[in-house]
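The paragraphs below go through one protein model, from its overall make-up to single residues. Keep the sequence and the 3D view open while reading.

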Amino acid sequence: MSKSRTRMAPDERRAVILLAAAAMFQERGFAASSIDAIAAAAGISGPAIYRYFARKTELLVALLEGATRTAMVEVADAVARTGEGERLAAMADALARHAQREGAVIGLLQSTVAEMEPADRARLDEIRSRLVAELAGLLLAERSDLDTVEAHIHVEAALGVIGQLARRPQPQHSERFRRLLLAILEA
């Protein structure tokens, strides 16, 4: 009996490829994951993957873009559901949870930036700038004592801590990590 293939819409196939890449990057690491292996894990041929991603680093950029988008939604939702005086704690909680869940992708970013094509690095800079601006806007809404530059500094410091956590995830220290993020946002 032959196995019939189900045709997927391009967006669905792209999502399947990204899931396969994320799992493989986490399991094997970025350098040890090949485009052909990712394609096979996604159920397509090696050459077919190039219809969606020209380079392996494009997969990482797409994963980070999705993780960033999800982080902003989670942080904004947490802040919106929280009363005045508790919003910075809600931001820290949401950032900490997201960092622990997406740590593998964040950690890969820290170690693979040097290997990226200039276009991929430029896209990452754009993603990061947008994230910093959005988080700084949320911080400014709660901290009228800060100006825009200071809010950006606080956010950059928080993201630096998140990057460190991603390289050395220690779930047993999640509460300490959350408190550290909150201290940075409140400082």
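The protein has nine helices and zero strands, where helices (H or I, at least four residues) and strands (E, at least two) are DSSP runs numbered from the N terminus. Along the sequence the pattern is accordingly α-α-α-α-α-α-α-α-α. This is a predicted model, in which local features need pLDDT of at least 70 and side-chain atom pairs count only at pLDDT 80 or more, while totals for chains, interfaces and linings use all residues. Residues are numbered from 1 along each chain as its sequence is written, and side-chain values use heavy atoms, with hydrogens and water left out.

Of the 187 residues, 44% count as buried; buried means under 20% relative accessible area, exposed over 50%, and partly exposed in between (1.4 Å probe, protein chains only). The protein exposes about 10,500 Å², and carbon and sulfur atoms supply 53% of that area. Accessible areas come from the Shrake-Rupley method with a 1.4 Å probe, and for residues only the protein chains shown count as cover. Among contacts between residues at least 6 apart in sequence, 64% join residues at least 24 apart, a contact being heavy atoms within 4.5 Å.

Start with helix α1, residues 10-28. Its 19 residues reach 26 Å from the first C-alpha to the last, close to the 27 Å expected at 1.5 Å a residue; the expected span is 1.5 Å times one less than the number of residues. The buried residues of α1 are R13, I17, L18, A20, A21, M24 and F25. They cover an arc of only 165 degrees around the axis, which puts them on the same side of α1; the arc is that of the directions from the helix axis to the C-beta atoms. An α-helix has 3.6 residues a turn, so residues three or four places apart point the same way. The face of α1 turned away from the buried side carries the exposed residues D11, L19, Q26 and E27.

Just after α1, G29 takes a positive phi of about 95 degrees. The C-alpha atoms of A31 and E115 are separated by 9.8 Å, although the two residues are 84 apart along the chain. An unreviewed UniProt entry annotates residues 34-53 as "DNA-binding region". UniProt positions are given in the numbering used here, feature names are shortened, and annotations may be inferred rather than shown by experiment. In the model, this span is 60% helix and 0% strand, and its end C-alpha atoms lie 13 Å apart.

Helix α7 comes next. It has 25 residues and reaches 36 Å between its first and last C-alpha atoms, close to the 36 Å expected. Its buried residues are D120, L124, I127, L131, V132, L135, A136, L138 and L139.

What does D120 touch, leaving aside its neighbours within four places in sequence? D120 is in contact with R55, T57, E58 and V61. The side chains of D120 and R55 are joined by a polar contact of 3.0 Å. A polar contact is a pair of N or O atoms within 3.5 Å; within protein, one must be able to donate a hydrogen and the other to accept it, and residues adjacent in sequence count only if both atoms are side-chain atoms. D120 counts as buried because its relative accessible area is 3%.

T68 is buried, at 13% relative accessibility. L135, also in α7, has a relative accessible area of 2% and is therefore buried. Beyond four places in sequence, L135 is in contact with M72, V75, M91, L95, V155 and L159. Its C-alpha atom is separated by 9.6 Å from that of E156, 21 residues away along the chain.

The last stop is helix α9 (residues 174-186), whose 13 residues should span 18 Å at 1.5 Å a residue; the end C-alpha atoms are 18 Å apart, which agrees. F177, R178, L181, L182, I184 and L185 are its buried residues. Seen down the axis of α9, they fall within an arc of 160 degrees, so they line one face of the helix.

Three of these residues, F177, R178 and L181, are touched by A96, which lies in helix α5 (residues 87-101). A96 is buried, with a relative accessible area of 4%. A96 and R179 are 83 residues apart in sequence, and their C-alpha atoms are 9.2 Å apart in space.
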